[in-house]
Amino acid sequence: MKEKPDTLEQAVLTEYKYGFVTDIDTDVIAKGLSENTIRLISNKKNEPEWMLDWRLKAYNHWLKLEEPKWSNVKYPIINYQDIIYYAAPKPKKQLNSLDEADPELLATFEKLGISLNEQKRLTGVAVDVVMDSVSIATSFKEQLSEIGVIFCSISEAIQLHPELVKKYLGSVVPMTDNYFAALNSAVFTDGSFCYIPKGVRCPMELSTYFRINTENAGQFERTLIIAEDESYVSYLEGCTAPMRDENQLHAAVVELVAHTKAEIKYSTVQNWYPGDKNGLGGIYNFVTKRGMCKGDHSKISWTQVETGSAITWKYPSVILKGDHSIGEFYSVAFTNNHQQADTGTKMIHLGKNTRSRIVSKGISAGHSQNSYRGLVRASKQATNARNYSQCDSLLLGDKCGAHTFPYIEVKNKTAIVEHEATTSKIGEDQLFYCKQRGIDAETAVALIVNGFAKEVMNQLPMEFAVEAQKLLAISMEGSVG
Amino acid sequence: MLSVKNIHANIDGREILKGINLDIKPGEVHAIMGPNGSGKSTLASVLAGREEYEVTEGAVSFLGKDLLELSTEDRAREGLFLAFQYPVEIPGVSTTNFIKAAVNEKRKYLGQEPLDAVAFLKMMKEKMALVEIDQRLLSRSINEGFSGGEKKRNEVFQMAMLEPKLAIMDETDSGLDIDALRIVANGINKLRSPDRAILLITHYQRLLDYIQPDYVHVLYNGRIVKSGTKELALELEEKGYDFITDEVDLAANQ
Amino acid sequence: MNNITYFKDQFEQLQEANPNDTIADLRQNGFDAFTKDGVPTYRDEDWKYTNVSSLFDKEYLIAENSTITLADVNTIRLPGYKQANELVFVNGRFIANLSTIRSGTTDLVVLPLEEAAKGEYKEIVAAHLNQSSNYLNDGIHALNTSFINGGVFVHVLKGKEPEHPVYCYHILDARQNPALAQPRSLVLADENSRLQITESYTTLGASDSFNNQVMEVVVKENAYVEYYKIQNDTANASQVSSTHIRQIGRSYVHTVTITLNGGIVRNNMNLVLDAAGNETHLYGLYLLKGKSHADNHTLIDNLKPNCFSNQLYKGIADDTSTAVFNGRIMVQPDAQKTNAYQSNKNILLSENATINTKPQLEIFADDVKCSHGCTIGQLDEEAMFYLRARGIPKESAEVLLLQAFAADIVDQIKPEPLRSYVSKLIYEHLAIQ
C-alpha cells in the first residue's frame with residue numbers, strides 16, 4: 001500500500017477495495033497429537049532445525065507428564081487427541097453487514113463503547129480493516145525499529161532473530177515446567193515477541209491489538225518479552241471485546257526477562273467466552289506466565305482483570321533473582337454463572353532486598369467458584385526480602401464460592417512476609433445507604449464492586465481501565481437480585 | 001407533606017413503635033427528642049424503608065403518595081432524604097462518583113436528562129460552598145477514614161445535592177464537638193426553605209440552639225408523649241427527660 | 001517400606017486375639033484403608049511440608065506388658081494433679097491400675113473403649129467412634145483405627161460439671177526399643193455438661209518413639225469444653241496427634257496446643273461445627289529449637305449457620321527447626337452468618353530454620369465474615385533497642401520479648417496451675433541457649 005493511514009479510525013474509513021481476502025491459507029491438519037503433528041507444524045512454519053528439535057524435546061517430555069489435579073477447578077477430561085493443533089490461519093465467517101452479527105455480541109460492544117468500525121473489525125465484517133491494521137502495525141513497527149525496539153510475531157522472530165529466541169525461549173518457563181507449558185512448547189503456533197534494547201523507554205504501550213494475525217494466534221500462544229538494562233516497556237495483552245472462539249483449550253506461555261534496572265509492566269484484560277448461563281461451552285484458559293527479574297533493581301508488574309473463560313488456571317509469577325528487584329501482582333477476578341477461576345501468583349525471592357506486593361480481588365457471583373492461590377517464597381539467600389499480600393473476596397449470591405489458598409515459605413530470618421485475606425458479602429448497610437440516595441440495587445452493587453476493585457484498576461493504563469470497568473459491569477449483569 | 005398515622009413497627013418480633021402520629025407541612029422544622037431506646041432512630045428507619053423493620057399497623061402519606069408502598073430508592077427519588085447517624089463506608093467509591101450516580105438516578109426517575117459533567121461540576125461547586133466542605137474530602141472514598149464531623153458534613157452536602165422535600169436528620173449532632181456542630185448546623189440552616197421540611201432527631205437540646213425548630217415532640221417508649229414549641233426543648237434541657245417519662249410511667253401504672 | 005509387613009503381622013495377631021470384639025470390623029476397615037493409602041508423602045496436599053517416611057522405617061516394639069510403675073508415673077504428673085482425674089496410657093493403652101478417677105461415676109464415666117462398645121454405651125460408641133475418618137482420610141489415621149485396642153471412653157454425664165479436670169498422661173516406653181503407641185479415645189460431653197481435659201506426653205528412654213494418637217470429642221447442646229495439649233517430649237519423640245472435636249449441639253469449645261520439644265510433631269486439630277450458634281476458640285503456640293519439626297493443621301468446618309470461631313496460632317523457629325501452620329476454614333452452603341477469624345504469627349530466629357504457613361478459606365455461603373492473616377518476621381528491633389538502652393543485655397531482652405510474644409497464647413490456658421507450669425516451661429525453654 002502506498003499511502004499509510006495514520007490511525008485506525010482513518011483506516012477503517014477507507015474504501016472497501018479488495019472484496020474478500022482470498023489468499024488465506026485454510027490448511028487444517030487432522031486432529032490429534034504425535035511427533036508427526038509437530039514436524040508438520042514446524043514444517044508449515046518453515047522453522048529451522050533447532051526449533052523443531054526443541055518442540056520435539058518438549059513433546060517427549062509432555063508424554064511423561066500427568067495432567068495436574070491440584071487446582072480447585074473441575075472439568076471433564078480433555079482428550080488431547082481430539083484437538084486440531086494446526087488450523088492457522090483460520091478465516092472468520094464473512095458477514096456482509098453488522099446485521100448478520102450476533103445481536104448479543106453487538107449489545108455488548110455497545111455497552112463497551114466500541115466504535116462501529118471497530119465492531120465491524122471484531123465481528124469480521126470489513127475485511128479491509130484487517131488489511132489496514134496490518135499497515136498500521138507496520139507503521140508502528142517502523143517507528144519502533146528506529147529506536148531499536150523489536151516487536152513482531154514469535155514466528156517472525158524465529159526467522160529474523162534466532163539468536164535472541166534461542167537465548168531466551170524457555171529460559172523463564174522451561175519446557176519441562178508443567179504439563180501445559182510442555183504442551184505449549186511442543187505445539188505453539190504463534191504469539192508476540194518484544195525486545196527493548198538497553199536504555200530505551202518504549203514510547204507507546206505495546207499491544208497484541210496491533211499485531212498481525214492476532215485473531216489466530218489463540219490456542220497455544222507463546223509470548224516472549226525481553227527488556228535490556230535500564231529499559232522500560234508496558235505491554236497490553238488481549239482484547240476487551242468478547243471474542244467468541246471455538247477453541248476450548250487455551251494453553252499459553254508468557255515469558256518476561258528484565259535485566260538490570262529494567263521494568264516490564266504487563267497488563268491483561270481477559271474476557272473470553274465464559275460459557276452460557278448453564279455452564280455449557282466456554283474456554284479453558286490454562287496459562288503459564290512468569291517473569292524473571294534477572295538484573296539488580298529490575299521490576300516486573302503483572303496486572304490482570306479476568307472476567308472471561310469457563311475455567312481460568314493461571315498464576316503470573318515473578319522470580320526475584322536480582323538484588324533489590326521488585327515483583328508486583330494486581331488482580332481482579334470476576335466469576336459468574338458456572339465459571340471457575342483458580343488464579344494467583346508466585347513470588348520467588350532469591351536476591352537480597354527484594355520486594356513483592358500482591359493485591360488480589362476476587363468477586364464471585366452465580367454458581368461460580370473463585371479461588372486465589374499464591375505462593376510467596378523467601379529463599380535462604382533472600383536477605384531482607386519483603387512481601388505484602390492482600391486478598392479480598394466479595395460474594396454476590398449464595399450459590400457461589402470464594403476460596404483463598406496462600407502458601408508462604410520462609411527460610412531467611414531477615415525476611416518479613418505479611419498476608420491478609422478477607423471474605424464478605426456486600427454489606428446490607430452499604431446497599432441501604434445507596435438505596436436511600438435513590439440508587440437502585442443493581443447500580444449500587446456495580447458501584448460497590450468497582451470500588452472494591454479500584455486498587456487494581458488503577459494499575460491499568462487509562463484507556464484500558466475505562467474499558468475494564470465497563471466490562472466488569474457487563475459481566476455482573478443479572479448477578480444481583 | 002408528611003402524614004404519619006398510628007404507625008406500629010417491629011424488629012425481630014419486638015414492637016418498637018407503638019402508634020406514632022405526626023404531621024409535617026412544607027417549610028416546617030420538627031424536632032423529635034427522647035431518651036435512648038425510645039424509638040427515634042426506628043422512626044427514621046421506618047420512614048426511609050429499612051427492611052428489617054416491619055410495619056404492623058398504620059399509614060404514612062408523603063406528598064400524597066402511600067410512602068409504605070414505595071421502595072427505599074423510590075422514596076429517596078420522591079424527595080425523602082435520611083442523614084444517617086452512622087454513615088457507612090464504601091471503599092473505593094468517591095463521594096463525587098457516588099453522588100453523581102444518585103443525582104442522575106433521581107433525574108431519570110423524574111424524567112429529566114442526566115446532568116452532563118460540566119453542569120454537575122457547577123452544581124457541586126455551589127453546594128460545596130454552601131455547606132463549607134472541602135473538595136479533597138469529596139474525592140476520597142465515601143466516609144472511609146472520615147472523622148465524625150467529616151461524615152456528618154458529607155451527609156449535609158449530599159442533602160444539598162439531592163435537594164430533598166423532606167430531610168430526616170438522625171442524630172446529626174451526635175459525636176460532634178462544638179465547632180463541627182456549628183458548621184453542620186449552619187449548613188442545615190442554609191438548606192431551610194419554604195418548600196422543604198426538616199425532621200431533626202436528637203437526644204440533646206444543644207442542636208436546637210443552632211437550628212430553631214417550629215415544633216418539638218418527645219418520643220418515649222414508642223409513642224409521642226408530648227408535643228410543643230421550642231420552649232419544650234428548653235424545659236427538657238432544664239429538667240431532664242424524667243419529668244415527662246415519670247409522668248407517663250405514672251399514668252401507665254394507674 | 002519394610003515395616004508395613006510388620007504392621008500386617010501385628011494387625012493379624014490383634015484380630016486373632018480379639019475375634020469377638022465389636023470393634024474388629026472397624027479395625028479391619030482401617031487396615032484395608034491403610035494398605036490402600038499407605039504412608040502419606042509430600043505429594044499429598046495435607047502432607048506437603050511434613051515428611052513422615054522416617055517414622056516408618058523403624059522396628060517398633062509394641063510391648064504387651066509394660067514395666068511402667070506408679071513410681072514412674074509420679075515423675076511426670078502435671079501440677080494440679082491432686083485435684084484431677086488422671087488417666088495413664090502406656091504405649092498407647094489405657095492402664096486402669098495406674099490411673100486415678102476422683103470424680104464420682106454419676107458425674108464422669110471412664111471405661112476401656114472395648115468395654116464401652118459392648119455394654120450400656122454401645123450405641124453411643126457406634127454413633128461416634130471413627131467419625132474423624134471422614135476428615136482425616138490418610139493412611140496414618142487409618143493405621144490408628146486398625147489398632148484400636150486398649151483405648152478409653154470418657155463420658156461427662158448430662159448436666160454434670162465435674163470439679164476434677166481430666167489429665168491424660170501418655171507414656172511411651174523407649175528404654176529398650178523404639179516405642180510405638182496408637183492411643184484412641186472417645187470423649188462425650190453430654191448436654192449441659194462441662195469438661196476440662198489436658199493431654200501430656202512423655203517418652204522414657206533414649207530410643208525413638210512414635211505416638212500416633214486419635215482423640216474424638218463429641219460436644220452436645222450447651223456443653224462447655226476446654227482442651228489443652230502440652231507437648232514437651234524428647235527430641236526423639238515424634239507424634240501425629242489428631243484431635244477431632246464435633247460440636248453437635250450449640251456449645252462452646254476452647255483449645256490450646258503448646259508445642260515445645262519433639263522430633264516430628266504433627267497436630268491435627270479438627271473442629272466440626274455441626275449445630276447453629278457454636279462458638280469455638282483455637283489457640284496454639286510452637287517454640288521450636290534444635291531439629292524439631294512441628295506442623296499444626298487446623299480445620300474448622302462450618303456446617304450450620306451463626307457459628308463463631310477465632311483462631312490464633314503463634315510460633316518461633318530457631319536453630320534448624322521447621323514450623324508449619326496450615327489453617328483451613330470451610331464454610332458450607334448452609335452455614336450463613338458464619339464469623340470466622342484466623343491469625344498466624346511467626347518469628348524466625350535462625351538462618352537455618354524454616355517457616356511454612358498456609359491459611360485457607362473455602363467459602364460456599366455468601367452471608368459470612370471471614371478473615372485470615374499471617375505474618376512471618378523477626379523480633380521488633382525498636383523494642384530490642386529500647387530494652388538494651390535500658391541496660392538489659394541482648395539475650396535477656398530477646399527472652400523477654402519472646403515471652404511476651406508467647407504470652408498471648410499462654411494466657412489462654414484458663415486453669416492457673418497449668419498456666420504457671422507452661423509459663424515456666426517456656427521461660428526455661430527460651431533461656432537455655
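Okay, let's start where the two chains meet: 18 residues of chain A are in contact with 28 residues of chain B, contact being heavy atoms within 4.5 Å. This is a predicted model, where local features need pLDDT of at least 70, side-chain atom pairs count only at pLDDT 80 or more, and totals for chains, interfaces and linings use all residues. Residues are numbered from 1 along each chain as its sequence is written, chains are lettered from A in the order written, and side-chain values use heavy atoms, leaving out hydrogens and water.

Back to that interface. Chains A and B bury about 2,100 Å² between them, 63% of it on carbon and sulfur atoms; buried area is the accessible area (1.4 Å probe) that two parts lose on being put together, summed over both. On the chain A side, Phe432(A), Tyr433(A) and Arg437(A) lose the most area to chain B, together 36% of what that side buries.

Now, chain B. It has an open antiparallel sheet of four strands, ordered β2-β1-β4-β5. Strands here are DSSP runs (E, at least two residues), and helices likewise (H or I, at least four), numbered from the N terminus; two strands pair if DSSP finds at least two bridges between them. So who's at the edges? β2 (14-24) and β5 (65-66) of chain B, each with a single partner strand, so one side of each has no neighbour in the sheet. Further in, β1 (residues 2-11) and β4 (residues 53-62) of chain B pair over eight bridges, antiparallel. As one example to look up, Ser3(B) stands opposite Ser61(B) in β4(B).
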